[in-house]
Amino acid sequence: MTLFDLHKRILPLALAVGILASAGCGSRKQDSQATEGDSLATDSIATRETVESIERLPDTVYTSAAKISHVIEVKDSAADGRIDNLTNLYGKTNSILTFRKGPLRQGDFKAKLDSVPTAMKVDWTIETELERKDTVYGPWGGGTGWTGQPLYVEWPDSVAAKMKRNSAVTGDFTGKEVIFGSLCGNLYFLNPQSGKFTRQPVDVGNPIKGTASVDPTFNGNIYVGQGVPASRPFGAKAISLLDNKTIDFMPEDPKAWRHWGAYDSSPIRVGQFLFRPAENGSLYKYLVKANGEISLQATLRYKVNGAAPGIESSMAVYANYGFLADNHGNILAVNLDNLKPVWHYSLDDDTDASPMVAIEDGNPYIYVGCEIDRVDRGFAKFAKLNAITGEKVWEITPEGRRYNIGKKHFDGGFYASPLLGEGDCADMIFTNRVKNTNGQNGVFMAISRNDGKVLYETPLAHYSWSSPAGLQTKDGQMLIVTADGSGNLYLIEGKSGRILIKKSVGYNFESSPIIINNTIYIGSRSNGLNKITLL
């Protein structure tokens with residue numbers, strides 16, 4: 001069944017029961033009345049598809065969305081909220097500009113190898129400064145936290161020239177940069193080969209835990225959120241790397257339904273808009289002008305069962321639908337044209353891992369897993385959902401526990417975002433899971449995309465919050481790079497789960513890696529960023 005066929009099934013049903021919602025944003029609360037569509041399971045798994053320009057999805061509201069009470073506040077009514085172009089802005093560049101590379105959050109870094117590596121070599125390690133201010137959580141130190149993925153940017157020549165003219169960069173700038181945010185509160189910029197600084201660190205003002213995002217139009221903007229208030233004000237920034245100056249700051253929002261101003265989510269650009277989920281339970285929609293200026297266009301605030309959960313995950317996007325996961329396990333689709341909720345699904349527990357979208361036989365599906373946070377011992381759900389209707393295709397419930405140390409606790413379950421199989425693993429999906437059943441242990445696991453069967457679990461030396469990244473050999477063999485909380489880096493054979501290489505590199509890899517050709521960039525809590533070559 002194609003996406004076009006799916007639309008033909010959904011729209012007549014919606015019209016028949018009067019659920020096709022009117023277009024446009026509004027500031028009043030809207031209740032959803034709809035019936036669920038037919039259950040749609042996949043009979044076969046198609047190979048990975050790249051989303052370029054795709055058909056707009058309908059302005060439909062399903063019965064499940066009735067659980068979501070919400071308000072849409074339009075700040076700029078003069079700006080048309082409809083997305084002008086659904087083309088994947090991240091799809092035509094070698095750069096890695098946001099968490100997991102693009103709107104589908106697949107983590108497809110397109111790394112290719114001639115043969116299977118036999119060793120890892122640490123080329124360099126860059127140490128960050130230390131944040132010593134005492135917060136309610138203690139001092140945050142340096143290095144990188146969760147999700148902490150670095151970015152890789154190949155700047156267009158015209159943009160690089162502007163940076164040089166404005167003295168924004170050093171003599172070690174070649175037009176390519178690796179960028180990462182640190183718990184010390186700085187953004188760092190490095191020459192990908194030498195590790196030398198390509199510009200002075202930019203002080204963001206508070207510790208950075210999440211992953212920054214570079215605007216895919218290469219207007220020079222980078223969007224970064226503060227993760228914890230070592231000082232006030234506290235919020236999210238947009239910085240122009242043309243001159244390294246802040247162009248916008250969103251402080252704590254007095255209208256937010258949850259009073260916590262952190263931003264761990266990696267913003268995503270769709271058409272002329274930037275979307276920024278927040279830990280205050282809001283989704284912010286910014287209009288980005290051609291010159292890089294940004295202004296708030298609209299805000300979605302929502303509650304489920306009377307509570308406004310925070311959003312630490314990064315929103316996935318397919319066409320004009322955005323997919324959010326929050327601290328109460330709510331998974332919801334939002335029509336990004338008007339910010340109206342489309343459907344709701346519950347995983348029942350804290351969900352910080354970002355949803356991932358896969359296109360299978362022309363139709364979009366979501367893979368996402370939750371943690372074990374609300375109970376000491378329980379089950380961490382991992383589900384495959386129909387991205388258009390929110391219906392469950394399958395769900396698994398592996399057992400685990402929350403690990404308590406004094407007044408602190410370390411959740412079990414899924415912190416890692418899923419990795420889509422490719423090559424000889426095209427029918428599989430991969431992720432890391434925290435078990436906490438034997439100390440703070442964890443596994444790397446492979447799951448069948450067809451039916452949710454767990455194909456294998458490979459024990460790791462420690463739990464892992466880091467999201468795995470994939471490579472392919474020239475003959476289509478898939479290999480996976482992943483890391484654990486005790487500083488080990490692994491190369492795993494995707495088909496079997498066999499560990500090919502295990503190397504102790506740093507201390508506590510909470511952060512997720514990126515891969516450029518045969519080179520891995522990954523940050524750790526103990527120092528900063530590591531460059532590792534697969535040999």
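Student: Trp465: buried or exposed?
Tutor: Trp465 has a relative accessibility of 13%, so Trp465 counts as buried. Buried means under 20% relative accessible area, exposed over 50%, and partly exposed in between, with a 1.4 Å probe and protein chains only.

Student: What sort of model is this?
Tutor: It is a predicted model: local features need pLDDT of at least 70 and side-chain atom pairs pLDDT 80 or more, while totals for chains, interfaces and linings use all residues. Numbering runs from 1 along each chain as its sequence is written, and side-chain values use heavy atoms, without hydrogens or water.

Student: How many helices and strands does the protein have?
Tutor: Two helices and 40 strands. These are DSSP runs numbered from the N terminus: helices are H or I with at least four residues, strands are E with at least two.

Student: How compact is the protein?
Tutor: The radius of gyration is 22 Å, close to the 24 Å from the globule rule for 535 residues, so the protein is as compact as a globular protein of that length. The radius is taken over C-alpha atoms, and the rule is 2.2 Å times the number of residues to the power 0.38. Buried residues make up 65% of the 535.

Student: Back to rings. How many aromatic pairs?
Tutor: The count comes to 16. Rings of Phe, Tyr and Trp (its six-membered ring) pair if their centres lie within 6.5 Å; planes under 30 degrees apart are stacked, over 60 edge-to-face, and the rest tilted.

Student: Why does the pair of Trp124 and Tyr521 count as tilted?
Tutor: Their planes meet at 50°, so the pair is tilted; the ring centres are 6.2 Å apart. This pair links distant parts of the chain: Trp124 is in strand S3 and Tyr521 in strand S39, 397 residues apart. Trp124 is buried at 12%, and Tyr521 is buried at 2%.

Student: And what do Tyr415 and Trp465 form?
Tutor: A stacked pair, 4.3 Å centre to centre with 20° between the planes. Tyr415 sits in the loop between strands S29 and S30, Trp465 in the loop between S33 and S34, 50 residues apart. Tyr415 is buried too, at 9%. Ring pairs link Tyr415 and Trp465 with Trp146 and Tyr463 into a cluster.

Student: Where does the charged end of Lys285 sit?
Tutor: Over the ring of Phe273, 4.4 Å from its centre. The test is NZ of Lys or CZ of Arg within 6 Å of the ring centre and within 35 degrees of the ring normal. Lys303 lies over the face of Trp257, at 5.0 Å.

Student: Which residues have the most contacts inside the largest nonpolar core?
Tutor: Trp155, Leu187, Phe275, Phe323 and Trp343, in a core of 74 residues. A core is a set of buried Ala, Val, Leu, Ile, Met, Phe, Trp, Tyr and Cys residues joined through side-chain atoms within 4.5 Å. A second, separate core has 32 residues, including Ala111 and Ile126.

Student: New topic. What does the side chain of Glu391 make a polar contact with?
Tutor: The side chain of Thr389, at 2.8 Å. A polar contact is a pair of N or O atoms within 3.5 Å; within protein, one must be able to donate a hydrogen and the other to accept it, and residues adjacent in sequence count only if both atoms are side-chain atoms. Glu391 is buried at 12%.

Student: Which backbone oxygen lies 2.7 Å from the side chain of Thr458?
Tutor: That of Gly497. Thr458 is in strand S33 and is buried at 9%.
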